[in-house]
Amino acid sequence: MRRLAARGAAGDAGEVAAPAADSSDSAQGRSPSSWRLIDLCAVWDAGVYLPSAAWNGASSGVARRRLNEAERLSSVREAQLKRLKVTRPRVLGSRERGRVPRMARQPPPPWVHAAFLLCLLSLGGAIEIPMDPSIQNELTQPPTITKQSVKDHIVDPRDNILIECEAKGNPAPSFHWTRNSRFFNIAKDPRVSMRRRSGTLVIDFRSGGRPEEYEGEYQCFARNKFGTALSNRIRLQVSKSPLWPKENLDPVVVQEGAPLTLQCNPPPGLPSPVIFWMSSSMEPITQDKRVSQGHNGDLYFSNVMLQDMQTDYSCNARFHFTHTIQQKNPFTLKVLTNHPYNDSSLRNHPDMYSARGVAERTPSFMYPQGTASSQMVLRGMDLLLECIASGVPTPDIAWYKKGGDLPSDKAKFENFNKALRITNVSEEDSGEYFCLASNKMGSIRHTISVRVKAAPYWLDEPKNLILAPGEDGRLVCRANGNPKPTVQWMVNGEPLQSAPPNPNREVAGDTIIFRDTQISSRAVYQCNTSNEHGYLLANAFVSVLDVPPRMLSPRNQLIRVILYNRTRLDCPFFGSPIPTLRWFKNGQGSNLDGGNYHVYENGSLEIKMIRKEDQGIYTCVATNILGKAENQVRLEVKDPTRIYRMPEDQVAKRGTTVQLECRVKHDPSLKLTVSWLKDDEPLYIGNRMKKEDDSLTIFGVAERDQGSYTCVASTELDQDLAKAYLTVLGRPDRPRDLELTDLAERSVRLTWIPGDDNNSPITDYVVQFEEDQFQPGVWHDHSKYPGSVNSAVLRLSPYVNYQFRVIAVNEVGSSHPSLPSERYRTSGAPPESNPGDVKGEGTRKNNMEITWTPMNATSAFGPNLRYIVKWRRRETREAWNNVTVWGSRYVVGQTPVYVPYEIRVQAENDFGKGPEPESVIGYSGEDLPSAPRRFRVRQPNLETINLEWDHPEHPNGIMTGYTLKYVAFNGTKVGKQIVENFSPNQTKFTVQRTDPVSRYRFTLSARTQVGSGEAVTEESPAPPNEAYTNNQADIATQGWFIGLMCAIALLVLILLIVCFIKRSRGGKYPVREKKDVPLGPEDPKEEDGSFDYSDEDNKPLQGSQTSLDGTIKQQESDDSLVDYGEGGEGQFNEDGSFIGQYTVKKDKEETEGNESSEATSPVNAIYSLA
């Protein structure tokens, strides 16, 4: 509506048609432009409809176009505007005057009402000054009060006095003061000064002076050439803290049970002091519903008791500004009683008064007096109602409101229900309230009539009015109060009635109307509204400006927008008169308005849906009668940011890994930022989280990770959001509030309250127990129950001091255990079972250790649990041996090796023995076993060797197996030892030969738990000759065999040489004795004179070689050893030597000679060397 009025004043065509200016208009100084605003008002003159003036002064078409806007006005606003009696004198012809009464009876058409309302609204049109400092500093402005002291200004007499007054304006205002409505000449008082660039008064008392001399009513005036602004009337008062008058107080004598009031009567201070009661030793007086302090400072005793004499009572007043406390002389009580002994035990007696002989009586009011009173309170203040009653017993106080309830949002009870306070009182809090005092003797009521008055308060405070030349406006000053306040207008601090007349100004009650304002109309107006309870003072200036258009935004801005979005291009401007604004695109001449474009009254251009073709340069042009200004905006269209793969809702177990995807597509020219929110708050990425461009990973999910996760993909222009919810299946919370009920001898009912299941239903409850005798502090499982129950009957064992706790279980895991229940002990009984897992085993070869699993607390059944241990040899009729043991083992000594025993272990406590136990077979200690019997080694072929054996004759324990060690050997060469272990039942084994020539040596021993016993050793048989012959060709190719044969051949050669040498040295026919033929030079001769006997034809080793089997074969000779023997064949002894003699013959064709020698074997030849 302000923009509509300003444009009309600026001369916009087509808004309201103006009639032609005639001589009468010009004579009255009325410009044609003013008709655009006031002619619609002229058609309604003192409530009479003038059709000729209407049709001559306005266009009905324009009014009809504005009808819809006027009908939207609220009924309250319309009623307020109708109270403005806007009348304009108009010269009418006699013919027109005569028709006025007749036409007045015709109801006007609806558009006339709308036009008139629009006219009144146009009077309030104003220009708003931008907050731009450059404009604020350039424009002239009347003064405005910005800071001032409170109306009732109380100061500390020990400090300097400061009265604040600050104002702004252009040019800067000057200040002066009045005191008690008279000019206050600051220059004449050396103690008073004014702060620089401010109107604040400083009164300095450092050089002396009394602050009381400056008390009074002060008012500040701020003035420049455009007007004068006023501060409130500031009432200056100096704080006072007078001394208590001296007085001697006699002891107060009172009968026990009677009421009593100790009056304070503090000295009048400014402000009023805070009252409190203490003893003379500065100990506070204990207050309750019997003894309490009233709002007026008096101390009230509903009934006096004998213990009230134990202290004195002093009223204290604390003054705020001086921070001092003044104490009144104390009161001393003397209580007359029928029961002189102050027995403290009677204080808590249910009928204390009767016990002390105090007569009971009905309540009566101590304050206020009588049955009714009235109270007035100002609107916005606190209402305090008080009722203090006496009586025996002490009465109780209750509050009620007649015809309604107490305002619960504002009412509260104080002073042990003796006071009712209602804060921020309003008119609806008026009415009748009553308090009811009652005890067992009766009740009494007091009615308080509350009237709510009101100091003036604003309904419509006048605001500064800035207009262009020729514009119209108005100032409204409306206030309410009780009684109704009066309104007084002033201009520049002077009453409006005494101000110079202004034809452009009209006062209509609480409204001032300005028409066709000019530069000379600038002033500051004051509205003072007051009643008997206070006043309100407001300053509002009227400023008239003529400013050519100015652009307020930076020039040539770049605006980037998102495709298909709605956007607005702002072009802030200022001017007076208010300029019109038009938009153009890319230098085109047509104005942008309509279709996809919409121009707002403030000049902003809205593009309803951005398209690619909307990109370009936009120009805004502001124009008024003083000139024009323009600015340009470059618009760029960008692709939107979109999340095309959004995070999905997930359900995860605690401790697992969760990944939330968030893949984004955006305009590549914009910088993309992806962030995450948790529960709509920024997510802190800790060590357990990893944020990537397209995902968020949470490692080791915990319960605190549950919540909503929002992926925010944003650029500097737009953003897209995607939300997913993560549900964490956590372990359940611990059960709580365990309770034991239905206590019985062998059972109890346990009840608990389940904890939160943390999104995974509870499947089971595990009940555990702890006892404090056998294993204190150790918890054991007792029983398990479905997750749907929260109560169970527990079976109990005798003589156990139980304490229970409960663990909840779901698919994720177990909760923390609940807090333990209270303990419950059962009575004792004899054991009903015996220890289990009874065993008898030897730890040495001559003992047997008897062990068992000790019984736990739930099977002991009584105190001093012990065990009776019995044993005897099995299958004998010897008596049982027995011993009593408190532990869990017993060792029987001096036992034979590995003998079976019958064993029994029986439980016993102080209440009796357990049932008769069953016998258990145990064995004494083991020893090493004897050697296996009949160890046999057989070799059916060259590939395998079969082993067989029998069990040891004396196992000496439980056989645990056999150990076989074997090794291959061939002469001195020994292979790697191989170890085989067999079960105790195995008595056969087959060895696969890897070397058919070598033999094997086998060592076998038996094992018990003690170790391996005596071993037996056997070797495999030698290979048979057939096998040797068959394998000769293979063996002959072996390197070792060839070396062996060479060694044998060499040995035989040496023997033969020795043999022949022995024979050649004489034997039976020594050479020197048998042959005396002289030696020829060609005959060989030894150094010792003997000759070497040689027969080339009969050398047995010449041309011979050793065979693989050790025999000597003849090569290229038919001679053999057979030829040397008698009978044609040689014979060998068992040791391999020749039998008989052999004869050397020189040639087979020659006849045997007479001479012969004895055939000597190689062995004999060796013997002959001796």
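**Reading a salt bridge**

Author: Buried means under 20% relative accessible area, exposed over 50%, and partly exposed in between (1.4 Å probe, protein chains only). This is a predicted model, in which local features need pLDDT of at least 70 and side-chain atom pairs count only at pLDDT 80 or more, while totals for chains, interfaces and linings use all residues. Residues are numbered from 1 along each chain as its sequence is written, and side-chain values use heavy atoms, with hydrogens and water left out.

Reader: With which residue does Asp694 form a salt bridge?

Author: Side chains of opposite charge can pair when their charged atoms come close. A salt bridge is a side-chain nitrogen of Lys or Arg within 4 Å of a carboxyl oxygen of Asp or Glu. Here Asp694 pairs with Arg663, their closest N and O atoms being 3.8 Å apart. Arg663 belongs to strand S52 (residues 663-665) and Asp694 to the loop between strand S55 (689-691) and strand S56 (695-698), so the pair ties together parts that are 31 residues apart in sequence. Strands (E, at least two residues) are DSSP runs, numbered from the N terminus. Arg663 is partly exposed, at 27% relative accessible area.

Reader: Which residues are linked with Arg663 and Asp694 in a network of salt bridges?

Author: Arg645 and Glu661 are linked with them in that network.

Reader: How many salt bridges does a search of the whole structure find?

Author: The search finds 48.

Key
Helix = DSSP H or I, 4+ residues; strand = E, 2+ residues; numbered from the N terminus.
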